[in-house]
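Let us read this fold together, one feature at a time.

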Amino acid sequence: MTNPALSNDPGDAIPSARGANRPQPAIALLETRHLSRSVGQRLLVNDVSVQVSAGEIFAVVGPSGAGKSSFLRLLNRLDEPTAGTVLLQNVDYRSIAPQELRRRVGMVMQTAFLFPGTISANIAFGPRQRGEVMAPTQIATLLERVGLSGFADRDIGNLSGGEAQRVALARTLANAPEVLLLDEPTSALDEASVRGVEELVLGIVRERRMACVIVTHNREQAVRLADRTMIMEAGRLVAIGPTREVLHAD
Ligand SMILES: Nc1ncnc2c1ncn2[C@@H]1O[C@H](COP(=O)(O)OP(=O)(O)OP(=O)(O)O)[C@@H](O)[C@H]1O
Ligand SMILES: [Mg+2]
């Protein structure tokens, strides 16, 4: 018996032939569907549905307490949604093993939480947890990319804030994530380091075609980095669109 829902268009039987001459829509690498989290009576994140594509930087801005960090922490399941869900390449993330999810969705916070020891040990940590050994040349290449050539054997104790954030970024990149989550990654840095880290994020997101979600209280930073921006207030999405339009920046 044929399924009438599928048989109306004979082209459906041969999707590759049917789709061959059509422009492919941008694929949402990351999608939230009615994503919500409540704690007690409070809705920290309230019904947020957005899509972020490969190579795109998506900013989340809004007043303090709006739920920006709460939203971000739902995206790699650091916190559990109380309603709605997240799709990673169209797959509900609740069906992905947590360890694999954390590898595929990397996160860098406001201040780098590095382990005592050398920079190379910090960078090799993620792969090592999965039983993979990073070759010194791989570590060197990654360090070079984040502007820290020759830092492999240095101790993390001697790093400036900007350097530590670059190590945190390199450590996340060592896992080859598809999605990069950044929570106020430059708010603890001086102005010169801010611009350096911004340029790094821009370059790396484009090169690796990651979907990047950056929480920032700094609207100028959103304008410099983000293709699109959403504004959150009291847990809700109140505006979304191209960054300059949403933030009324000229
Ligand atoms: N685990 C929790 N339990 C209860 N309330 C929480 C919890 N975590 C955060 N909140 C509250 O949820 C609201 C949103 O917090 P969140 O940290 O997501 O805001 P934010 O937009 O990131 O703010 P900021 O710009 O200050 O970082 C705040 O009122 C906060 O006090
Ligand atoms: Mg926050």
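Q: In which order do the six strands of the open sheet run?
A: Two strands pair if DSSP finds at least two bridges between them. Strands (E, at least two residues) and helices (H or I, at least four) are DSSP runs, numbered from the N terminus. Here the order is S6-S7-S8-S3-S9-S10, with mixed pairing. S6 (105–108) and S10 (236–242) each have a single partner strand, so one side of each lacks a neighbour in the sheet. This is a predicted model: local features need pLDDT of at least 70, side-chain atom pairs count only at pLDDT 80 or more, and totals for chains, interfaces and linings use all residues. Residues are numbered from 1 along each chain as its sequence is written, while chains are lettered from A and ligands numbered from 1 in the order in which they are written.

Q: In which sense do S3 and S8 pair?
A: S3 (residues 57–61) and S8 (residues 211–215) pair in the parallel sense, over four bridges. Alanine 59 stands opposite isoleucine 214 in S8.

Q: Which residues are around ligand 1?
A: A residue counts as near a molecule if its C-beta atom, placed from the backbone, lies within 6 Å of it. The residues around ligand 1 include Val39, Arg42, Gly67, Lys68 and His217. Strand S2 (42–53) and helix H3 (68–75) each give two or more residues to this shell. The largest share, three residues, comes from H3.
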